[in-house]
Amino acid sequence: MNMAKASAQASTKKASAKRSNIENMYPLSPMQEGLLFHSLLSPTAGTYVPQIVLSFSGQLDGNLLRQAWEKVVTEHSILRTGFNREQREQPFQVVYRQPAQAEKLWIEKSWIEQDWQRLSAVEQSAKLKILLDCNRSEPFNLNQPPLLRLHWIQRGDNRYYLIWCYHHLILDGWSASQLLKEVFQSYFSLRGNSSPATRAISYPYGDYIAWLKQQNIAEAESFWQRYLQDWEGSTSLPILKAQRIRPQEQNAQPLADQQRPLSEKTTQKLKAFAQTHKITLNTIVQAALGLVLSRYCDTPDVVFGATCAGRPSGLAGALSMVGLFINTLPVRVQVEKEAGVINWLQALSAQQATTTDYEYVSLRSLQSLVNQGNSLFDTLLVFESYPVSTDMFNRQTDLQLEDIQFNEWTHFPLTILVSGEQQLTFTAKYRADQLTSEAVSRLLGHLNN
């Protein structure tokens, strides 16, 4: 009896300690709900797990860099957040407190050091690819933060890789950029190269969730129903439906990619055209993709997906918040043969501007409303910006950021990513079990022309 009582008291004490370690609890954003669904459906698929590979040369202290990451994890609530779906009808996220004595324990779970100095450049390249493939497909324990992994690799004399892998549930690209800047500001401060930066007011991600609760979901859904009114149905690529994978391609990797750059001259012409006619480069690319899909699908009215920033102007501190704000929503392009190009582009721009106030709605709810739960589209367009630029350390003469690689996969059969400042590059990421390399190459060629 005494043993049972002691056991019960120990369990109560443990539960009480766990509750006291909880800082906050709140629901998921619409985008988080979608990502959680796909993560649980295919935990090893490697989708929605962004990877950033930073290549450095010069003086870089790994111990200080690790301390800088510890500091950042402590300061941002989203990095101390786990996701739970067992104890309630709807999934929810839990923000945990981080006692000072536990900081290093948390980062220890996520920080891995390796030495590749004895490997040749060819061997290092091959090993990096294997590491990225394995790292991406290794599931996160979504209940236990931080949902990130860091590999610190010495690849030569004063030459290093920092590989940062995180789950998209907690961060978008804008936030990743902010965090990297904070990490290296902290690093240079710890190293004594600069005084500690004055940190801007940090607004917790929970403020955004609270803002979402105040929005009129019925009004937003009504807007999107009108936006898609009279649209006949899913824009599914014929090459996706009917394309037969040849036997020699059946054993190909399920995920594949291709790149097609525009010339720098063409990129600058497009920018000048956009500026002259007061439209964005994003609008031009959306129109181009709409035209290509229209011809492929033999319809003047097409819908594809696009990511939006999702940071509401009416929310205090939205631009400096760290978390997941982007959303994936439909873009409707109606090709009007009689309309002039400029008028058509400006009309498309104006149409897209009307969606800004309703970017918070769930894609899954839209699919239920307008397409009986079926997928609205199988092509996604993403304007990609690298989380950090190579001139980030131009004042640090003993440290150079030589290269940046950013990699992420979605669950869509075809994702078109657009990146670059001086020269636009189109990257197609696709499922090789649903699309052949020839079909994707042709589509990219048509898009670029």
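Predicted model: local features only at pLDDT ≥ 70, side-chain atom pairs only at ≥ 80, totals over all residues.
Residues are numbered from 1 along each chain as its sequence is written, and side-chain values use heavy atoms, with hydrogens and water left out.

View 1. Buried means under 20% relative accessible area, exposed means over 50%, and partly exposed lies in between, with a 1.4 Å probe and protein chains only. Helices (H or I, at least four residues) and strands (E, at least two) are DSSP runs, numbered from the N terminus. Ring pairs link Tyr205, Tyr208 and Trp211 with Phe325 and Tyr360 into a cluster. Rings of Phe, Tyr and Trp (its six-membered ring) pair if their centres lie within 6.5 Å; planes under 30 degrees apart count as stacked, over 60 as edge-to-face and the rest as tilted.

**View 2. Strand β2 between two partners.** In strand β2 (residues 51–58), 8 of the 8 residues are buried. Gln51, Val53, Ser55 and Ser57 point one way from β2, whereas Ile52, Leu54, Phe56 and Gly58 point the other way. Two strands pair if DSSP finds at least two bridges between them. With strand β7 (residues 159–166), β2 pairs in the antiparallel sense over 7 bridges, and serine 57 stands opposite arginine 159 of β7. With strand β12 (residues 399–407), β2 is joined by 8 bridges and again runs antiparallel, and here glycine 58 stands opposite leucine 399.

**View 3. Two aromatic pairs.** A pair of aromatic rings is described by the distance of the centres and the angle of the planes. Searching the whole structure gives 19 aromatic pairs. The rings of tryptophan 164 and tyrosine 166 have centres 4.9 Å apart and planes at 40°, so this pair is tilted, and both residues are buried. Tryptophan 224 and tyrosine 227 form an edge-to-face pair, with 5.0 Å from centre to centre and 70° between the planes. Both of these residues lie in helix α8 (residues 217–227), 3 residues apart, about one turn of the helix, and both are buried.

**View 4. Charged ends over rings.** A charge sits over a ring if NZ of Lys or CZ of Arg is within 6 Å of the ring centre and within 35 degrees of the ring normal. The charged end of arginine 155 is placed over the ring of tyrosine 161, 4.6 Å from the ring centre. Likewise, the charged end of lysine 429 is found over the ring of tryptophan 409, 4.7 Å from the centre of that ring.

View 5. In the order β8-β14-β13-β11-β9-β10, 6 strands form an open sheet with mixed pairing. Strands β8 (255–261) and β10 (327–334) stand at the edges with a single partner strand each, so one side of each is left without a neighbour in the sheet. Strand β9 (residues 301–308) and strand β11 (residues 379–383) pair in the parallel sense over 2 bridges, and alanine 306 stands opposite leucine 381 in β11. Glutamine 286, which lies in helix α11 (residues 281–297), counts as buried because its relative accessibility is 6%. Not counting residues up to four places away in sequence, glutamine 286 touches Phe304, Ala306, Val331, Val333, Gln352 and Leu381.

View 6. The peptide bond from proline 145 to proline 146 is cis, with omega near 0°, and proline 146 lies in the loop between α5 (121–137) and β6 (148–156). Asparagine 158, in the loop between β6 and β7, has a phi near 60°, a positive value in a residue other than glycine. Asparagine 158 counts as partly exposed because its relative accessibility is 26%. Aspartate 230, in the loop between α8 and α9 (238–242), also has a positive phi, about 70°, although it is not a glycine. Aspartate 230 is exposed, with a relative accessible area of 68%.

Technical notes. Contact = heavy atoms within 4.5 Å.
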